[in-house]
Amino acid sequence: MTPGSGDGGGEAPVPVGAGAPTGPEDVRGVPAGQTARMPRWLPRALVLALALYACFQLGEWAFHQLVGLLVNILLAFFLALAIEPAVGRMAARGMRRGPATFLVFFAVLVCGVGFVVLLGSMLAGQIVDMVENFPGYLDSLINWINQKFHTDLSRVEVQDSVLKSDWLQKYVQNSASGVLDVSTTVLGGLFRLLTIFLFSFYFAADGPRLRRALCSVLPPARQTEVLRAWEIAVDKTGGYLYSRGLMALVSGIAHFVVFEILAVPYAPALAVWVGLVSQFIPTIGTYLAGALPMLIAFTVNPWYALWVLGFVVIYQQFENYVLQPKLTAKTVDIHPAVAFGSVIAGTALLGAVGALIAIPAVATLQAFLGAYVKRYDVTDDPRVHGHRRYGEAVVARLQKALQHKKEAGAKE
């Protein structure tokens with residue numbers, strides 16, 4: 001039986017030239033003996049993708065290498081904004097900005113070095129006194145323990161057990177091996193401080209030139225916005241430093257009174273230490289500020305150190321929940337909750353530097369964006385004033401009181 005015959009069980013042959021393939025083909029529809037060509041755009045797309053990936057990797061590596069420098073420049077910029085009012089006043093009186101900036105930095109440097117030298121000499125003298133009186137403190141502590149717990153301890157046994165302990169020997173070994181690391185850290189910190197002061201000096205001395213250079217690449221409308229943002233940043237940064245200085249003054253006076261009552265030596269210097277360190281060193285400043293007075297108070301009476309610790313803790317709570325929110329919100333014009341949240345966010349992003357510049361940065365951004373937010377008159381609904389709607393009579397009475405208040409204001 002030939003194909004196509006029978007009862008229709010086969011397929012009829014297709015004539016040549018009627019659209020049928022003339023030879024065998026593979027499953028892709030390509031004639032046998034020929035290979036599929038690569039699209040012309042594919043090699044260029046692959047090269048472009050690889051180039052973009054390489055640029056991304058290079059940019060990420062460069063950013064991680066320069067992140068320390070960028071943070072220093074950011075901190076220097078805010079420092080230049082902080083001293084801009086003083087430099088501007090001197091420049092308005094006829095002094096050149098370069099010498100004016102130098103005088104401001106020189107005054108800050110003299111105050112800082114004098115404060116460090118004063119505290120260093122005080123601390124060295126107190127450490128010498130503490131080392132000389134340490135056996136007496138140890139005897140007093142051992143006698144108290146023997147009386148309270150009916151033990152039979154002696155200073156010689158305690159000293160031998162401490163000197164022969166494994167943890168002390170390991171600590172001495174680690175301290176000896178870590179001297180180089182400490183020296184490297186100190187030198188790195190000094191270099192970073194010098195970098196910050198150098199950039200801040202240029203930002204403050206060449207402030208007008210920097211603003212002109214920035215405005216020269218912007219259209220006139222954008223120039224006005226940039227200059228306005230710059231002035232807002234100067235005002236907010238100065239206000240933030242003013243609030244910190246005011247809190248440092250209040251803290252110093254309060255701690256000075258306590259130190260005088262306890263007859264702690266060097267009470268004025270310790271009060272200045274607590275005020276400055278607790279306010280201008282974020283996160284750990286409070287602990288550093290309270291540690292030194294406790295150490296000095298311990299040389300007078302070990303129990304005085306506990307009194308100092310208790311006052312430091314109580315005053316810190318008063319400052320965090322009462323004093324700081326009010327002063328910070330007034331000087332930089334942001335809500336206390338926003339100020340607290342901005343410090344947390346700044347610490348998470350940039351550490352101590354972020355905590356230091358978070359509040360003035362957020363205040364500047366809020367004041368700048370506030371000019372572009374359209375505001376409307378608030379309705380006289382009683383719920384706006386915190387009154388819940390318990391009945392129509394209450395609503396009518398409140399609305400009537402608001403109407404009388406508005407009429408009285410119009411008559412005045």
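The largest cavity of this predicted model is lined by Ser251, His255, Val274, Ser278, Gln279, Thr286, Ala289, Gly290, Val312, Tyr315, Gln316 and Glu319. A cavity is here a set of points, on a 1 Å grid over the protein atoms alone, where a 1.4 Å probe fits but cannot get out, and lining residues have an atom within 4 Å of a point. The elements that give two or more residues to this lining are H7, H8, H9 and helix H10 (302-332), and H10 supplies the largest share, four residues. By class, the lining of the largest cavity has four nonpolar, seven polar and one charged residues, where Ala, Val, Leu, Ile, Met, Phe, Trp, Tyr, Cys and Pro count as nonpolar, Asp, Glu, Lys and Arg as charged, and the others, Gly among them, as polar.

The table lists the volumes, each being the space filled by probe spheres set on grid points that are joined across faces, edges and corners.

| Space | Volume |
|---|---|
| Largest pocket | about 2,000 Å³ |
| Largest cavity | about 60 Å³ |
| Second largest cavity | about 50 Å³ |

A pocket, by contrast with a cavity, is an open set with protein on both sides within 12 Å along at least five of seven lines. Of the 44 residues that line the largest pocket, Val108, Leu193, Phe197, Phe280 and Ile281 are the closest to its centre. Helix H2 (97-149) is among the elements that give two or more residues to this lining, and H2 contributes the largest share, 13 residues. The lining of the largest pocket comprises 38 nonpolar, five polar and one charged residues.

As for the chain as a whole, it has 13 helices and zero strands, these being DSSP runs (H or I, at least four residues, for helices; E, at least two, for strands) numbered from the N terminus. Of its 412 residues, 25% are buried, that is, under 20% relative accessible area with a 1.4 Å probe, protein chains only.

Residues are numbered from 1 along each chain as its sequence is written. Local features need pLDDT of at least 70 and side-chain atom pairs count only at pLDDT 80 or more, while totals for chains, interfaces and linings use all residues, and side-chain values use heavy atoms, with hydrogens and water left out.

Note on methods
Buried < 20%, exposed > 50% of the residue type's maximum accessible area, 1.4 Å probe, protein only.
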